Amino acid sequence: MEVCNEKRADLLLIAGDLFHRQPLLRELKEVNYLFGTLVDTQVLLIAGNHDYLKKDSFYRTFEWASNVHMILSSKVTSVKIPELSLAVYGLSYHAREICEERYDGAAPDGTCQYELLLAHGGDEKHIPFRRKKLLSLGYDYVALGHIHKPCDMELGKVPGTGSLDTAGIEGGDCGFEAWHRSRMAYSGALEPVDKNDTGLHGYIEGELTKKGCRIRFVPCASREYVHMEVPVEKQMTGHELKKRIRTMIEDRGTQNIYRIILRGFRDPDVLFDLTDMDSWGNITDLTDCTKPAYDFARLLKQNRQDILGRYIESLIGYEEDSVEYLALCEGVQALMETKVTR
C-alpha cells in the first residue's frame, strides 16, 4: 500500500490467493481497510485455488471499498475503468482444482486502449495453459498467479536460469530488477509461505504506454528460506562446527530461516549434538549427512584376513572425491556397525 501511494500507481493487480485459505469476514474487513488507504490506485483481484469461491464464501457478498473490483465469475469476464481507458479480464476459481484450459479463446474485445488479464494457474490441475497461446490472445499484459516464485513467462524462464515449461518452475536466480519489455510474468509471493520457497520474493512493477509494456521485479521480502550445505572436515569438533554454522548464517543473514545439511567426513569417534547448533534460533531442519573418516590403512592391517580387510583392499587408494572412495566409506561403515552389533 505504501509503495502504491508513493508511486501514485494506477493499478494494483492481485492474481489470486490473496489468502492461503478461505478468508474470514474480519480478515476481509481488515484488508479492505488497507485497500481503502490507497489514494490513486484501483485494485483488481480474483480468487485462486486456495481462496476459491465456496458457496458460503464471504467473497460473494462482501462490499469492497469503491476502488476495489473483484471478478467473481467462473468464466473470463472484464471490469472496465473508463478514466484509465482500461479493461481488466479474469475469472475466479469456484473449486480447488480446475483441470481444463479456460483462457483459450478468451481474447479481449478491443474496446479499451489498454487490456490486461489476471490469470491464476499454469499446471495440469490448475487451469493449464500454453505460454505462446496465452501471449497470442493480444493482451497488453498478463499478470499471473499461483507459482510462488517470480518468472518472466514471455522469456519462458526464471531470469538467470535455463528455459523451462510452465509446470516446472524451480529455484535459481529469481531477480530481474532492471526494466525490460515483457507482456506476461508471475510475481510470486510477497513473502515465502513455505520452507521450500527459497530465493527472492517481491512484486512486479509495470508501466503501460503506447509503446508497449515494460516491467521489473522488485524484491521486498523481509526474510528468505535458505537451504544451506555446511562442509565438515575430518578433525572438526562439535564446537568448531557450531562456530562455522553461526558464521555462515551471519554472512547470509540472521533474519533468514535455514534448512542445513552437513556434508563431508568426520572423526569416527565424534557424534555431533545437533540440538546444540542453533545459535540464532532460525534453523528449522538440520540434517547430518557426514560420513566417518576411518583410518583405512590401520583397519586394513588389523583385518587383512577377514571380509573387512578384503573389502578395504579392493577399494583403497582412490581419490576422496571419487565414487570408489564413497563406496569404501559406506561399505566400511556398514561392516564396522555389523562387527559392533555381534
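## Strand pairing around S12

Strand S11 (residues 202-209) pairs with S12 in the antiparallel sense over 8 bridges; strands are DSSP runs of E, at least two residues, numbered from the N terminus, and two strands pair if DSSP finds at least two bridges between them. The model is predicted: local features need pLDDT of at least 70, side-chain atom pairs count only at pLDDT 80 or more, and totals for chains, interfaces and linings use all residues. Residues are numbered from 1 along each chain as its sequence is written, and side-chain values use heavy atoms, with hydrogens and water left out.

S11 and S12 form a hairpin with 2 residues between them. Strand S12 (residues 212-219) also pairs with strand S9 (residues 180-181), in the antiparallel sense over 2 bridges. Ile215 in S12 is the bridge partner of Gly206 and stands opposite His180.

## Helix H2

Helix H2 covers residues 25-36; helices are DSSP runs of H or I, at least four residues. The buried residues of H2 are Glu27, Leu28, Val31, Asn32 and Phe35, where buried means under 20% relative accessible area, exposed over 50% and partly exposed in between (1.4 Å probe, protein chains only). These residues cover an arc of only 135° around the axis, which puts them on the same side of H2; the arc is that of the directions from the helix axis to the C-beta atoms. On the other side of H2, Arg26, Lys29, Glu30 and Tyr33 are exposed.

Leu34 also lies in H2 and is partly exposed, with a relative accessible area of 41%.
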